[in-house]
Amino acid sequence: MPIFKGAGVAIVTPFTQDDKVNFEELGKMIDFQIAGGTDAIIICGTTGESSTLTHEEHDACIKFAVEHTAGRVPVIAGTGSNSTAEAIRLSTHAQNNGADALLLVTPYYNKATQKGLIQHYTAIANSVDLPIILYNVPSRTGVNILPQTAVTLAKNVKNIVAVKEASGNISQVAELAALADGCIDIYSGNDDQVVPLLSLGGVGVISVLSNVMPKLTHDMVMSYLNGDVKLSRQLQLSVMNLNKALFCEVNPIPVKEALNMMGWNAGAVRSPLCEMEPQHKELLRKELAAMKLI
């Protein structure tokens, strides 16, 4: 049984003006997501700026998300690292604080071999009892989880049960689905490829778009899974321009700016990320207005 079906939000981490985690605003965002139909909260992922959170902030965000969500939907904690030992520490902490599942990005910078990836993920999985989603995003990490590697892990490690596919390579996803033959659940990691991935047997999306449009993102997935492919396709195509605007600069720069434009106190991104270029802000504002979000 999948950890969740539908749309999980890769939620931002809001910051105060003095660059502290804004837990009050994070709680409001979680409530907004759940009210909008979001099927899972993914905390401390790429969109949550996990790479610039301190260890203490990372642990505190996971603990807060679990406590505030209070079982209404699953909470999936991003606990990946380029150090296997650190990923184990983060993962065991998340388990001890009640997370429902883990999202583990491929170890970045080290550029592990496929054998190294198998050893890395197996060691982390063996340290916890929670279900694990592999996170394949080679554009950020420099490492691609090959379909054969994902299937090997799923077949040999009982709690490796899913993959977030953000390679952008639909042919690779098709190969993965064919090799897996149902042994691993597949989530889209790209908001502009949700319906294509669902057509290959995917069960949902871990979404940036959901930060600003939770209901539409949920409906896009569930209409497909419930058999209304036409509606799902219409919803996918209706947000193509907004998706482009949300990724006109590196994530999460645009989505935090979008939330601020919508009246949220998302705050700034942490360095080395920086404020959006003025022309990109105007593009984003235009697309938010077109969708009647501002």
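Predicted model: local features only at pLDDT ≥ 70, side-chain atom pairs only at ≥ 80, totals over all residues.
## Pockets and helix pairs

Residues are numbered from 1 along each chain as its sequence is written, and side-chain values use heavy atoms, with hydrogens and water left out.

**Second largest pocket**

- A pocket here is an open set of points on a 1 Å grid over the protein atoms alone, where a 1.4 Å probe fits, with protein on both sides within 12 Å along at least five of seven lines; lining residues have an atom within 4 Å of a point.
- This one has a volume of about 400 Å³ (the space filled by probe spheres set on the points, which are joined across faces, edges and corners).
- Of its 24 lining residues, Ala166, Gly189, Asn190, Phe247 and Asn251 lie nearest the centre.
- H5, strand E8 (204-207) and helix H11 (240-246) each give two or more residues to this lining; helices (H or I, at least four residues) and strands (E, at least two) are DSSP runs, numbered from the N terminus.
- H11 gives the most, with three residues.

**Largest pocket**

- The largest pocket comes in at about 610 Å³.
- It's lined by 28 residues, and nearest its centre lie Thr46, Ser50, Ser51, Val105 and Tyr108.
- Two or more lining residues come from each of helix H2 (55-69), helix H3 (84-96), strand E4 (101-105) and helix H5 (138-141).
- Its lining has 11 nonpolar, 13 polar and four charged residues.

**H9 and H10**

- The axes of helix H9 (residues 214-225) and helix H10 (residues 229-238) come within 7 Å and cross at roughly 150°; axes are lines fitted to C-alpha atoms, for helices over the stretch in contact, and angles run from 0 to 180 degrees between N-to-C directions.
- That makes H9 roughly antiparallel to H10 (over 145 degrees).
- On the H9 side, the contact (heavy atoms within 4.5 Å) includes Leu216 and Met220, and on the H10 side it includes Leu231 and Leu235.
- By class, this contact has six nonpolar, four polar and one charged residues.

**H3 and H4**

- H3 and helix H4 (residues 114-126) have axes that come within 9 Å and cross at roughly 30°.
- That makes H3 roughly parallel to H4 (under 35 degrees).
- Thr84, Ala87, Ile88 and Ser91 of H3 meet His120, Ala123 and Ile124 of H4.

Conventions:
Nonpolar A, V, L, I, M, F, W, Y, C, P; charged D, E, K, R; others polar. Parallel < 35°, antiparallel > 145°, perpendicular 65-115°, else oblique.
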